[in-house]
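Trainee: Could you walk me through this model with a few questions and answers? I'd like to see how each answer is reached.

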Amino acid sequence: MTLEEFSAGEQKTESDPDNVVLCLLAADEDDDRDVALQIHFTLIQAFCCENDINILRVSNPGRLAELLLLETDGSPAASEGAAQPPDLHCVLVTNPHSSQWKDPALSQLICFCRESRYMDQWVPVINLPER
């Protein structure tokens, strides 16, 4: 998600902050040296903490794209050199009915984030291995 998309999402979230339940921040080792991206992450984390949105850091944005079915080895996005891959540095997960956890996997992920905060790990990290 680009800064502009996050800003647009931020405006939407202000009118209905309960709609966003999770923020995924994805970065690989090369991104750790990108100062602008780290500032971007800091601002996003501040926004999420202020609005009680769970935050999860994920390694390997390419693998995240595969898991979200945005890129696969045989997909047009992977085979076309001109097609730009999606920017998954920040993904906001929404739940239109946040009071009703209909998806057990999302519920478990939210519980994982909550338990991590109890152990003073405010932004838990999940390492996604290559296939």
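Trainee: Which residues form a nonpolar patch on the surface?

Mentor: Keep in mind that this is a predicted model. The patch has about 310 Å² of accessible area together. One of its members sits in helix H2, namely Val 35. The patch is made of Val 35, Ile 39 and Leu 43.

Trainee: Is Val 35 buried or exposed?

Mentor: The cut-off for exposed is over 50% relative accessible area. Val 35 has 58%, so the call is exposed.

Trainee: What does helix H2 pack on, and at what angle to E1 does H2 run?

Mentor: Start with the sheet: an open one of four strands, in the order E3-E1-E2-E4, with mixed pairing. Strands E3 (90–94) and E4 (125–126) stand at the edges with a single partner strand each, so one side of each has no neighbour in the sheet. Helix H2, residues 35–50, packs on this sheet and touches E1, E2 and E3. Its direction relative to that of E1 comes out at about 165 degrees.

Trainee: And helix H5, at what angle to E2 does that one run?

Mentor: H5 covers residues 104–118 and lies across E1, E2, E3 and E4. Its angle to E2 is about 95 degrees.

Trainee: Which residues stand opposite Leu 25 in E2 and in E3?

Mentor: Take the pairings of E1 one by one. E1 (residues 20–27) and E2 (residues 54–59) run parallel and are joined by six bridges, while E1 and E3 run antiparallel with five bridges. Leu 25 faces Arg 57 in E2, and in E3 its bridge partner is Cys 90.

Trainee: How many residues of E1 are buried?

Mentor: Buried takes a relative accessible area under 20%. E1 is mostly covered, and the count of buried residues is eight of eight.

Trainee: What is phi for Asp 52, and why does Asp 52 count as exposed?

Mentor: Asp 52 belongs to the loop between H2 and E2. Its phi is positive, about 55 degrees, although Asp 52 is not a glycine. It counts as exposed because its relative accessibility is 70%.

Trainee: Where does Asp 120 lie, and what is its relative accessible area?

Mentor: Asp 120 also isn't a glycine, and its phi is positive, near 60 degrees. Its place is the loop between H5 and E4. Asp 120 is exposed, with a relative accessible area of 62%.

Terms used
Residues are numbered from 1 along each chain as its sequence is written. This is a predicted model: local features need pLDDT of at least 70, side-chain atom pairs count only at pLDDT 80 or more; totals for chains, interfaces and linings use all residues. Side-chain values use heavy atoms; hydrogens and water are left out. Two strands pair if DSSP finds at least two bridges between them. Helices (H or I, at least four residues) and strands (E, at least two) are DSSP runs, numbered from the N terminus. Contact means heavy atoms within 4.5 Å. Axes are lines fitted to C-alpha atoms, for helices over the stretch in contact, and angles run from 0 to 180 degrees between N-to-C directions. Patches are made of residues with over 30% relative accessible area and no salt bridge: like charges are joined within 9 Å, nonpolar side chains (Val, Leu, Ile, Met, Phe, Trp, Tyr) within 5 Å. Accessible areas come from the Shrake-Rupley method with a 1.4 Å probe; for residues, only the protein chains shown count as cover. A salt bridge is a side-chain nitrogen of Lys or Arg within 4 Å of a carboxyl oxygen of Asp or Glu. Buried means under 20% relative accessible area, exposed over 50%, partly exposed in between (1.4 Å probe, protein chains only).
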